[in-house]
Amino acid sequence: MEPRPRSFYILAAFFGVFLLFLYGPTITIAILSFQGPGGGLTFPMRGTSLYWFRDLFEQQAVGDIWGSFRRSFALGLMVMVTTVVVSVMGGLAFRKRFPGAGALFYLIITALVIPSILVSLGVGLLFSQSGLQVHWATSGFGAQLTWTLPFGLLIMFAVFNRFDKSFEEAARDLGATPWQTLRHVILPIIAPSLIGVALFGFTLSYDEFARTLLTSGSYNTLPLEIFGMTTNVTTPVLYALGTLTTVFSLLIIGAFLGIAWISARRKARAGSDAGKGMV
Amino acid sequence: MENILRNKAITGWLMAAPLALVLVVFLVLPILLIVVVSFWQATEFSIIPAFVWENYDFLFGSPVTYSVFLNTFKYAAITWALTLSIGFTVAYFLAFHVRTQTWQIALFLLCTIPFWTSNIIRMISWIPFLGRNGIANSALLSSGVIDEPVEWLLFSDFAVILAFVHLYTLFMVVPIFNTMMRIDHALIEAARDAGASGVQILWNVIIPLTKPGIMIGTIFVVTLVMGDFITVRFMSGSQSANVGRLISNDIALLAYPSAAATAVVLLLTVLIVIGVLLRFVDIRKEL
């Protein structure tokens, strides 16, 4: 291997600083959430304790944190499942080049670039003008889908752009019906990417703020609850909640990455026997 | 029935139907309704169907509108320049200087993980850094650079831009890295064999080939910044304004027609910007 040029070390240092910039603040509030009971929102640490975490579990004067967590979790799962199913169907549809595909594609791009407050405002108006109650599971759910579906579809486009059509043709030549081809050939091949779509679906919904702001009705989701706390809570309890939420997000991401890794390993082990046959 | 299912167009439509349904109900109808409501009238308690131009007259008649739009463009431009230079450098390092694919994937994931965590919490995380008694001020004080705490770190335009860069640089890194990974290394070898210096290779080979990724990143960053309202509100401590905040303030006052008119103008502005950017890139080809 040729020796690394000097630019490598400069760029590596830049990359290190970038990572520090990305993670530093989050790590800082994680440390500060262990403040002693007398501590404030910034350093120095006045002792270390679990005081603020306990505070989070006991006193409910700051709002309905656990209720909002449950709602966010349920909504995240709903959005995740819908995103996966609708994105796969949409991705398959786009391979067929049906009439109107171009228009639908531009609609997806519009959903991606439209300012989120417009979705919030528009969906809120739509529900109020048609006499429906806004609720996180109806209007909030739909508003979030306009953000998660474009990501799901972009991933599906990327997947199908790289998809080797000869697998399907082989299945068809062997007499498989379209449904069998889908079930036993296409879906297993794209399965690892679906983990990615699911990850986007859940986390983007779980953290979404702007699109749920006017569409969640009288019950807050967790990001709305946290934002509400920023205006009236000035103790490290805010950091404790932030730390817990981030840890939860990291666990979810870790779980998805773990599943992706395991399925990639299994696929590699099952492998292909091409070329090992009886030539 | 068999014949119908064999028809490609119809099966295509059937499979695209759920997607189309969601987008029509939660995107197209809401946008149409915003356009309609922007012509309505408002009293203190309710909104009344009408067809009047007063919301637009008021919007374009007020000098505040122009300065707020200008401010929005300013945020977008500065954030774009910073995220592009940082994002390009990071992607370049990952794509051309990290040699094994395992390390590339690991470091790339490290860059993308924050994207899947909460933006609100990532904004809150800046408080202990930038506050009057925060880490930045203490460090600057103890090193003797300043004599008294700097006030403009938190709740200022500086903090807004910092948060934007913190939140959105990933949107540059990912597409640029994606395009860079597809550059044929033979092209770079050829340039080197032909006697090009490192800078020449970067400028004449890599940057032109990375343009589609840069464009996609630009679309993301520009639209996210132009449509933002919460970062500006939180990080400026309500002292600065952008168009998104104009809309959210109107909503808070239940002045929906006025909010809708501003929203229509913002949407048109964003779409024009995107329309121009899309002329430079074919998104579907680049995925």
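This is a predicted model: local features need pLDDT of at least 70, side-chain atom pairs count only at pLDDT 80 or more; totals for chains, interfaces and linings use all residues.
Residues are numbered from 1 along each chain as its sequence is written, and chains are lettered from A and ligands numbered from 1 in the order in which they are written.

I will stay with chain A for now. Chain A has 11 helices and 0 strands; these are DSSP runs, H or I of at least four residues for helices and E of at least two for strands, numbered from the N terminus. The radius of gyration of chain A is 24 Å, whereas a compact globule of 279 residues would have one near 19 Å. That radius is taken over C-alpha atoms, and the globule rule is 2.2 Å times the number of residues to the power 0.38. Along the principal axes, the C-alpha atoms of chain A fill a box of roughly 75 × 65 × 35 Å.

Next, the domains. Chain A is assigned domain 1 (14-62 + 235-266) and domain 2 (65-232), with bounds from an automatic or database domain assignment. Their centres, over C-alpha atoms, are separated by 27 Å. Where do the two domains touch? On one side there are 13 residues of domain 1 of chain A, in contact with 12 residues of domain 2 of chain A; contact means C-beta atoms, placed from the backbone, within 7 Å. Helix H11 (residues 237-270) of chain A supplies the largest share of the domain 1 side, 11 residues. By class, that side has 10 nonpolar, 3 polar and no charged residues. Here Ala, Val, Leu, Ile, Met, Phe, Trp, Tyr, Cys and Pro count as nonpolar, Asp, Glu, Lys and Arg as charged, and the others, Gly among them, as polar.

Now the partner. The contact between the chains takes 69 residues from chain B and 69 residues from chain A. Helix H2 (residues 8-37) of chain B gives the largest share of the chain B side, 21 residues. That side of chain B has 49 nonpolar, 17 polar and 3 charged residues.

Last, confidence. The complex gets an ipTM of 0.86 and a pTM of 0.88 from the predictor. Chain B averages a pLDDT of 86, with 96% of the residues at 70 or above; pLDDT is the predictor's confidence in each residue, from 0 to 100.
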